[in-house]
Amino acid sequence: MTASATARRTVRVDLGDRSYDILIGPGLIADAGREIAGRLKGRKIAVITDENVAPIYLDGFMAALRAESIDAVSLVLPAGEKTKSFEHLISVCDSVLAARIERNDAVVALGGGVIGDLTGFAAGIARRGSRFIQVPTSLLAQVDSSVGGKTGINSPHGKNLIGVFHQPDLVLADTDVLDTLSPREFRAGYAEVAKYGLIDKPDFFAWLENNWRAVFAGGEARIEAIATSCQAKADVVAADERENGQRALLNLGHTFGHALEAATQYDSARLVHGEGVSIGMVLAHQFSARMNLCSPDDGKRVETHLRDVGLPTSMGQIPGGLPPAEKLMDAIAQDKKVKGGKLTFILTRGVGQSFVADDVPQSEVVAFLTEKLPK
């Protein structure tokens, strides 16, 4: 065990016989072989990563596995949201099967949310379900997409519309890797951290308002923010694994954000997921104020904080322009949170007071988007 292990935190996702640990802290990639070997029944692993992560972490990760006599193969995919496609899903499944990965072996996602979502989907369907380990290398993946078992790929009809629920067996969130992220990537991940405060933890949001610079700088504040976020998601997932109720709250800002991502054709030069969520959370608070559910001051407070950390907060900040409100509504209507053809949004009665709103009038959303779109 490395000396840095003393700074680590463990969050347990309680799902009965499918429960698993999220380990959070420095040095976990170097210790990955030992952590995995103690939990793995088989002795083979297929590691899926991308062209951005591989040059930095793949060799060290593979060496950590070999040190524990784990036989591992790797596949390096292109980086970016467009990798979440049928084409790359097939290549991952083929690699897993070619490596003769059995159900007691494991498939590992070494990367950000794109790699985690794609790899988890492949692990969920290869041999009708293989063991799966997440090693998230972005802040967004560490606090959100690596936890909870949602996996999938994108469709021309919308984001993450094709996939399965497939829980990981272990999550290794090495906080050291976040130092290699670009400022834009780190800020994008921070949007998901702020989300947990805005859902139902107003004290956490207030703490972030006062401590976000320390979170960005690293150290204990960063570990605390990640652990708090993971614990918040773990509690929700344990209560509502398949998103039949409470788990939908985790989509605060996502209905608007996913529509904006679809409108930009998932072009990361224009908009990345966390930026869409940032704009979406501001829109959710502004729309709630429009519906007389909360004070306009709540939206201003959220907008101010996200703007202070450097995130976009309005649709006018997305380069390249956007389609009219009716086209954005087409993407919203394809959202997974639509039930029986009725729009479902996560709205709010104030900071930390989010709730699921069923049957939101489409005419109100169109009018709101028309008002907020840049002229």
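Two strands count as paired if DSSP finds at least two bridges between them, and the strands (E, at least two residues) and helices (H or I, at least four residues) are DSSP runs numbered from the N terminus. The model is a predicted one, in which local features need pLDDT of at least 70 and side-chain atom pairs count only at pLDDT 80 or more, while totals for chains, interfaces and linings use all residues. Residues are numbered from 1 along each chain as its sequence is written, and side-chain values use heavy atoms, with hydrogens and water left out.

**View 1**

**View 2**

**View 1. The β7 and β8 hairpin.**
Strand β7 (residues 153-155) and strand β8 (residues 158-162) run antiparallel and are joined by 2 bridges. The two strands form a hairpin with 2 residues between them, and Ser155 stands opposite Gly158 in β8.

**View 2. The crossing of α6 and α10.**
Two packed helices are described by the angle between their axes and the distance between the axes. The axes of helix α6 (residues 183-200) and helix α10 (residues 273-290) come within 7 Å and cross at roughly 35°. This crossing of α6 and α10 is left-handed, a term used if the near helix is turned anticlockwise from the far one by less than a right angle, with right-handed used if clockwise. Among the residues that meet are Arg184, Glu192 and Lys195 in α6 and His273, Glu275 and Met281 in α10.

**View 3. The crossing of α9 and α12.**
Helix α9 (residues 254-263) and helix α12 (residues 325-333) have axes that come within 9 Å and cross at roughly 115°, and their crossing is right-handed. The contact is made by Thr255, Phe256, Ala259, Leu260, Ala262 and Ala263 of α9 together with Leu328, Ala331 and Ile332 of α12. These residues divide into 8 nonpolar, 1 polar and no charged, where Ala, Val, Leu, Ile, Met, Phe, Trp, Tyr, Cys and Pro count as nonpolar, Asp, Glu, Lys and Arg as charged, and the others, Gly among them, as polar.

**View 4. The second largest cavity.**
A search of the whole structure finds 3 cavities of 30 Å³ or more; on a 1 Å grid over the protein atoms alone, a cavity is a set of points where a 1.4 Å probe fits but cannot get out, a pocket is an open set with protein on both sides within 12 Å along at least five of seven lines, and lining residues have an atom within 4 Å of a point. The second largest cavity holds about 40 Å³ of space, and its lining includes Ile36, Arg39 and Leu170.

Methods. Axes are lines fitted to C-alpha atoms, for helices over the stretch in contact, and angles run from 0 to 180 degrees between N-to-C directions. Contact means heavy atoms within 4.5 Å. Grid points are joined across faces, edges and corners, and a volume is the space filled by probe spheres set on the points.
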